[in-house]
Amino acid sequence: MLSTFSSTKASSNSHCFLVGKNVLDEKVAENVFKASNLHSGKHVFCKVFPISRYVQALAVYFHLPVQPHLHHPSEIILGHSMAYIFFEHTFGNMYRHVQSSQGLCEDEALRLFHQIVSVVAHCHNNGVVLPRLKLKNFAFKNKERTELALCTLKGAYIIEKDDFISGKHSCPLYISPESLQPGSSFSGKASNVWILGVILYTILVGRHPFTHTNLNGLYRRIQKCKFFLPELLSPKAKCLICSILRKNPTERLTAEEILSHPWFSSTSYSQYMWRKMFYEEEDQKVPSL
């Protein structure tokens, strides 16, 4: 997976660069490029780091064992001054899928959410916390949208003594009640579980559990931990949401315990069409924040 090379331009009039057997093409974000394999034509994407920083940037990837729902680097190529980290191509992220679907039926939701929880449990079991976890971080591995992977470990850190952290790390919509207490430290794992609860609610209902027109109002709602559960959700789905979105972090299920919840062994209710009849379209949309 690790090799060295000298980069060259693909042609004299092109902005494309040949890196090993891959052609770097369009820049899609800061230091992130679309790329394709020169021989197979397979699409990938490439993250570029200064050679002095790539080990630090990939420290969590090196620490974690391979897991099917974690997007590990497929190839690492070292140049004279830059490191080129290649990842497999993805087929859209989970956030956009939920937004366009206006909430998923329980059959689909439980299959995808199980994959989301399994990779978070994998990180926790191997001493890694994900403070910036959110729905957008999960992307589809296949065109059929049946396989998910956590496609970034940005902000993740390896636990040294305990998992306690402080401050607001996550997106406001996913922030946990305990992280809103000034000067407090709290369990990073329990905070990740809260985020899993927000994700579960969002993919089932089609909107976030806590919303407001301004941050202070949003934070007040989160601290009160009051949310509405639609009647159309199955009892087991409601039970799981309420077992995760608890104000007291010590009362929440762990990621491992979530995986054992009876909801995952149920046949569920395929009620997406019914849900569309009962909710107004604007209410269903996941807000773009």
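Helices (H or I, at least four residues) and strands (E, at least two) are DSSP runs, numbered from the N terminus. The structure is a predicted model, in which local features need pLDDT of at least 70 and side-chain atom pairs count only at pLDDT 80 or more, while totals for chains, interfaces and linings use all residues. Residues are numbered from 1 along each chain as its sequence is written, and side-chain values use heavy atoms, with hydrogens and water left out.

**Helix α6**

Helix α6 spans residues 215-224. Within the helix, Gly217, Leu218, Tyr219 and Ile222 are buried; here buried means under 20% relative accessible area, exposed over 50%, and partly exposed in between (1.4 Å probe, protein chains only). The cover over these buried residues includes α5 (188-205), where contact means heavy atoms within 4.5 Å. After α6 comes Cys225, which has a positive phi near 55 degrees.

**Aromatic pairs**

A pair of aromatic rings is described by the distance of the centres and the angle of the planes. Rings of Phe, Tyr and Trp (its six-membered ring) pair if their centres lie within 6.5 Å; planes under 30 degrees apart count as stacked, over 60 as edge-to-face and the rest as tilted. By this rule there are 8 aromatic pairs. Two of them are set out below.

| Pair | Centre to centre | Angle between planes | Class |
|---|---|---|---|
| Phe113 and Phe264 | 6.2 Å | 15 degrees | stacked |
| Phe210 and Phe227 | 5.9 Å | 85 degrees | edge-to-face |

Phe113 belongs to helix α4 (residues 106-125) and Phe264 to the loop between α8 (255-259) and α9 (272-278), so their pair ties together parts that are 151 residues apart in sequence. Both Phe113 and Phe264 are buried.

Phe210 is buried at a relative accessible area of 1%, whereas Phe227 is partly exposed at 21%. Ring pairs join Phe210 and Phe227 with Trp194 and Tyr201 in a cluster.

**Charges over rings**

A charge sits over a ring if NZ of Lys or CZ of Arg is within 6 Å of the ring centre and within 35 degrees of the ring normal. Lys47 lies over the face of Phe87, 5.2 Å from the ring centre. The charged end of Lys136 is placed over the ring of Tyr95, at 4.9 Å from its centre.

**Strands β7 and β8**

Two strands pair if DSSP finds at least two bridges between them. Strands β7 (residues 75-78) and β8 (residues 82-88) run antiparallel and are joined by 4 bridges. A hairpin of 3 residues connects β7 to β8, and Glu75 stands opposite Phe86 in β8.

**Positive phi in loops**

Gln102, although not a glycine, has a positive phi of about 60 degrees. Gln102 lies in the loop between α3 (94-101) and α4 and is buried, with a relative accessible area of 13%. Arg145 likewise has a positive phi, near 60 degrees. The loop between β10 (138-140) and β11 (148-150) holds Arg145, which counts as partly exposed at 35% relative accessibility.
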